[in-house]
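Hi everyone, thanks for coming. Let me put it on the screen.

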Amino acid sequence: MAQKITLQTSPLNALAEQIKTWGRELGFQQVGITDAEPGQHSEHLQQWLDKGYHGEMEWIRNHQAQRNTPELLVPNALRIISVRMDYFPENTEQVKILKQADKAYVSRYALGRDYHKLIRKRLATLAKKIETYCAEHDELKEMIDSSINQRPFVDSAPVLEKAFAEKAGLGWIGKHTVLLNDTAGSWFFLGEVITNLPLPVDEPHINNRCGDCEACLKVCPTDAFVAPYQLDATRCISYLTIELKGAIPEEFREPMGNRVFGCDDCQLICPWNKFAKPTTEKDFSPRHELHDADLLRLFAWTEEEYLKNTEGSAIRRIGYERWLRNLAIGIGNASPSHENINALEKRQSFPSAMVQEHITWALKQQRNNLENPKKRIRKIKNPAKLS
């Protein structure tokens, strides 16, 4: 267990304030500090896993011990320095894209460069500044019995980031299980520095301000929310298009509409996002016009073009096969046309049984809707509710 130390607090308070100043200078919109105890969130995670809501994401279960015990990640961990960085890209109209069946909808977080390296690099800089500061202040060196142990984390490591962000005062976990901030909405990334420094902690965000609103739960195209604060990931379009490695169940294909990488509906409809501010990070700006791309243009990419155009992007992680799988569903749901049918037929020889299965489904959808336009039935919740 982490050592319990009673220390003078004034130099540590000064360091904590300096950390927040450095954080803002490094491009983080908010920095908070909390202890390394996840509390009730560990139990919630176990219940979620027991219900099988994690689907194929076995890495969550496999690394549960580290999530519950940050000391397994950083020896003698005492504090979590939690940060958030806005990613809402300016001059994008994603709701309009969602309403245009022949366009490809890519989740806002993935329109630009992958955030992992950018944020991790800045957190590493923050950690280095902390170490240098401590080395230069004798009063701090006298307070610290052992060497400083610190490590930056961004999403991909086993850290209960939303739980610690809430405890650090960065916001509250909404009914859609996303962290919300009353002055910034939810369009931001989270990151952490886990440290053994006994820094003073911030007040947690104890007021959940969702109230009676359930807009996020009702708008979900696949009814992935089984209850407030409970997401069945196996029904979530983000999981289906990104995490699921095999075929997407047929019951979810029409509700997916033109969402080919992720889904933002529960955030798009959230009233707190009217306070979201556009990002100032150029790396988060859309690349290769992904904020306004035709399904057929993306479907025509060769594997070489896919690898080139997704270099440094979160989209790269799903690979070319799943990229075509997702796009085939989008085209199947698009406005029926001979152009769409021809594009799908040209891909029928692609050497992947999974891709062929989704192309066959898409061709059936396109042909049926072309032959019987008046009988066309869409199992898609009305995106007009989104704004």
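First, a term: a nonpolar core is a set of buried Ala, Val, Leu, Ile, Met, Phe, Trp, Tyr and Cys residues joined through side-chain atoms within 4.5 Å. Buried means under 20% relative accessible area, exposed over 50%, and partly exposed in between, with a 1.4 Å probe and protein chains only. This is a predicted model, so to speak of local features we need pLDDT of at least 70, side-chain atom pairs count only at pLDDT 80 or more, and totals for chains, interfaces and linings use all residues. Residues are numbered from 1 along each chain as its sequence is written, and side-chain values use heavy atoms, with hydrogens and water left out.

So, the core. The largest nonpolar core has 66 residues, and those touching the most other members are Ile 194, Leu 298, Phe 299, Ile 315, Trp 323 and Leu 344. Helix 15, residues 319–332, gives this core its largest share, 7 residues. Helices (H or I, at least four residues) and strands (E, at least two) are DSSP runs, numbered from the N terminus. A separate core holds 39 residues, including Leu 98 and Phe 284.

Now stay with helix 15. The axes of helix 15 and helix 17 (residues 353–371) come within 8 Å and cross at roughly 10°. Axes here are lines fitted to C-alpha atoms, for helices over the stretch in contact, and angles run from 0 to 180 degrees between N-to-C directions.

The open sheet has 4 strands in the order 1-2-7-4, with antiparallel pairing. Two strands pair if DSSP finds at least two bridges between them. At the edges are strand 1 (30–35) and strand 4 (150–153), each pairing on one side only. Neighbouring strands are turned by 20° against each other on average, direction ignored.

How buried is strand 2? 8 of its 8 residues are buried, so strand 2 is largely enclosed by the rest of the structure. Arg 79, Ile 81, Val 83 and Met 85 point one way, while Ile 80, Ser 82, Arg 84 and Asp 86 point the other.

Strand 2 (residues 79–86) pairs with strand 7 (residues 188–195) over 8 bridges, with Ile 80 opposite Ile 194 and Arg 79 opposite Thr 195. Strand 1 joins strand 2 over 6 bridges, and there Val 31 stands opposite Val 83.
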